[in-house]
Amino acid sequence: MADQALSATASAAPKVDFSPDQMSAIKSYVAQHGDQRIDDVNFTTTVGAIVPANAPLRAIPPQLGQSLSSFKNDQYVIVGNQFLIVEKDTRRIVVIVPVTT
């Protein structure tokens, strides 16, 4: 069971399976950067939704880019208990990773 991949929410998109190490890297990053968390947003947090230009997106940092190589050129925003990976060029949410506070 330790080798079992964990799924991130991906409604209307292919399922993304992260390894336990990848999930740990995301959760650790969110725990260290909780000050970036936004609680109220004016957009839908579902895969495929477009994040408006006024929402603050940040580049995937190098320490996460190593673990999430497929997403290293994308951006993210932490909304409530969710780590949203956003495609840089389109601002579309591509992955939603649930994280605990």
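**Close-up views of a predicted model**

**View 1. Where β3 meets β4.** Two bridges tie β3 to strand β4 (residues 75-79), and the two run antiparallel.

**View 2. The open sheet, strand by strand.** Four strands make up an open sheet, in the order β3-β4-β5-β6, with antiparallel pairing. Which strands stand at the edges? They are β3 (58-59) and β6 (93-98); each has a single partner strand, so one side of each is left without a neighbour in the sheet.

**View 3. Strand β4, wrapped up.** Five of the five residues of β4 are buried, so the strand is largely enclosed by the rest of the structure. Both of its faces are covered. On one side sit Gln75, Val77 and Val79, and on the other Tyr76 and Ile78, all of them buried.

**View 4. The β4-β5 hairpin.** β4 and β5 pair over five bridges in the antiparallel sense. Within that pairing, Gln75 stands opposite Val86 in β5. The two strands form a hairpin with two residues between them. Take a look at Gly80 in the turn: its phi is positive, at about 55°.

View 5. Helix α1 covers residues 20-32. Which residues of α1 are buried? They are Gln22, Met23, Ile26, Tyr29 and Val30. Looking down the axis of α1, these buried residues fall within an arc of 130°, so they line one face of the helix. An α-helix has 3.6 residues a turn, so residues three or four places apart point the same way. Over on the other side of α1, Asp21, Ala31 and Gln32 are exposed.

**View 6. Stepping back to the whole protein.** The protein has two helices and six strands, and along the sequence they follow the pattern β-β-α-β-α-β-β-β. Of its 101 residues, 39% count as buried. The accessible surface comes to about 5800 Å², with 47% of that belonging to carbon and sulfur atoms. Among contacts with a separation of 6 or more, 51% come from residues 24 or more positions apart.

How values were computed
Residues are numbered from 1 along each chain as its sequence is written. This is a predicted model: local features need pLDDT of at least 70, side-chain atom pairs count only at pLDDT 80 or more; totals for chains, interfaces and linings use all residues. Side-chain values use heavy atoms; hydrogens and water are left out. Buried means under 20% relative accessible area, exposed over 50%, partly exposed in between (1.4 Å probe, protein chains only). Contact means heavy atoms within 4.5 Å. Accessible areas come from the Shrake-Rupley method with a 1.4 Å probe; for residues, only the protein chains shown count as cover. The expected span of a helix is 1.5 Å times one less than its number of residues. The arc is that of the directions from the helix axis to the C-beta atoms. Two strands pair if DSSP finds at least two bridges between them.
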